[in-house]
Amino acid sequence: IKDIPWTKLSARWVYIVPGRIPFPVVSAVVRRFKSQGTAIAMDPSKFYLQMGARKLRPILRILDVIKMNREEASYLTGISYRDERRIFKKFDELVPGLAVMTDGPKGVLVSDGRTLYRAGVFKEKKVVDRTGAGDAFGSGFVAALMRYKTFDRKSIAEAIRLGTANATSVVEAIGAQKGILTKREFMKNRRWKNLPIQSRAL
C-alpha cells in the first residue's frame with residue numbers, strides 16, 4: 001500500500017484485473033477511486049475468486065461492472081454453470097452494477113439487474129489463437145461504456161458489440177494484443193455493424 005501514489009490516483013473509469021495483488025491493496029485502491037466518483041470495472045483473477053464471495057463483498061458491492069467467464073461465475077456464486085438465471089440473480093445480490101458472463105465461442109450474457117442481454121459472436125475469418133480473447137472482450141466492453149453517462153439498452157448493446165468485435169479480431173491473430181481494434185477500425189468496418197442481441201426480463 002505504501003508504494004501507491006495516492007495523490008495521483010484520479011480517473012473517470014478504472015478497469016482492474018488484480019492478478020495476485022494482495023486483497024488489502026486492491027480494496028484500498030477501489031475504495032479510493034469510488035470515493036472520487038470513479039466508475040469501476042473488475043475482472044477477478046482465479047486468486048481472487050478462490051477468496052470467495054464473502055471475502056470479496058466489500059469490493060463487489062461498489063463495482064459498476066464485473067466480468068468473468070461462465071465457469072468463474074459458477075464458482076463465485078456457488079450455482080451450477082447451467083443455471084444462468086440463478087447465477088445472475090446471485091450477481092444482483094453481490095454487485096450493484098452490470099454483471100458480464102462470457103461463454104467462449106457461444107458469446108456473452110449481460111445483466112443490469114432487470115434485463116438479461118444475450119449475444120453470440122461475430123463469425124471469425126480464421127481462428128489462429130484464442131489467447132487474450134476474454135481480456136479483449138473486457139477492454140472493448142468497458143471502452144464502449146465510457147462513452148455513455150448511463151447503463152441503458154443502447155450503451156449495453158454498444159458495449160457488447162465492441163467487446164465481441166475486439167475479441168473476434170484478437171483470435172484471428174497470434175498473441176494477446178495483436179488484433180486489438182482502434183476506434184476507427186471498429187466504426188468504419190462494416191463487418192462489426194450488426195450483432196443480434198436478444199433481451200428478456202431477468
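1. Basis of the model. This is a predicted model, in which local features need pLDDT of at least 70 and side-chain atom pairs count only at pLDDT 80 or more, whereas totals for chains, interfaces and linings use all residues. Residues are numbered from 1 along each chain as its sequence is written, and side-chain values use heavy atoms, with hydrogens and water left out.

2. Overall fold. The protein holds eight helices and seven strands, where helices (H or I, at least four residues) and strands (E, at least two) are DSSP runs numbered from the N terminus. Its radius of gyration, taken over C-alpha atoms, is 17 Å, close to the 17 Å that the globule rule gives for 202 residues, so the protein is as compact as a globular protein of that length; the rule itself is 2.2 Å times the number of residues to the power 0.38. The C-alpha trace spans about 45 × 40 × 30 Å along its principal axes.

3. Among the contacts with a separation of 6 or more, 65% join residues 24 or more positions apart, contact meaning heavy atoms within 4.5 Å.

4. Helices α1 and α3. Two packed helices are described by the angle between their axes and the distance between the axes. Here the axes are lines fitted to C-alpha atoms, for helices over the stretch in contact, and the angles run from 0 to 180 degrees between N-to-C directions. The axes of α1 (residues 23-35) and α3 (residues 53-60) come within 9 Å and cross at roughly 25 degrees, which makes α1 roughly parallel to α3; angles under 35 degrees count as roughly parallel, over 145 as roughly antiparallel, 65 to 115 as roughly perpendicular and the rest as oblique. On the α1 side F23, V26, S27 and V30 take part, and they meet K55, L56 and I59 of α3. The residues of this contact divide into five nonpolar, one polar and one charged, with Ala, Val, Leu, Ile, Met, Phe, Trp, Tyr, Cys and Pro counted as nonpolar, Asp, Glu, Lys and Arg as charged, and the others, Gly among them, as polar.

5. Helices α4 and α5. The axes of α4 (residues 70-77) and α5 (residues 84-94) come within 10 Å and cross at roughly 60 degrees, which makes α4 oblique to α5.

6. Helices α6 and α7. For α6 (residues 133-145) and α7 (residues 153-171), the axes come within 7 Å and cross at roughly 145 degrees, and the crossing is right-handed. The contact includes A133, A136, F137, S139 and G140 of α6 together with I156, A159, G163 and N166 of α7, among others. Its residues divide into 14 nonpolar, six polar and one charged.

7. N166. This residue lies in helix α7 and is buried, with a relative accessible area of 3%. Leaving aside neighbours within four places in sequence, N166 is in contact with A136, S139 and G140, and also with G179, I180 and L181.

8. L98. Strand β4 (residues 98-102) contains L98, which is buried at a relative accessible area of 1%. Beyond neighbours within four places in sequence, the contacts of L98 are D64, V65, I66, S111, D112, F141, L145, F151 and I156. The C-alpha atoms of L98 and I156 are 9.0 Å apart, although 58 residues separate the two in sequence.

9. Two loop residues. M146, in the loop between α6 and α7, is partly exposed, with a relative accessible area of 34%. Apart from neighbours within four places in sequence, M146 is in contact with R12 and W13; R12 is 134 residues away in sequence and 8.4 Å away, C-alpha to C-alpha. N189, in the loop between α8 (183-188) and β7 (197-201), is also partly exposed, with a relative accessible area of 32%.

Key: A crossing is left-handed if the near helix is turned anticlockwise from the far one by less than a right angle, and right-handed if clockwise. Buried means under 20% relative accessible area, exposed over 50%, partly exposed in between (1.4 Å probe, protein chains only).
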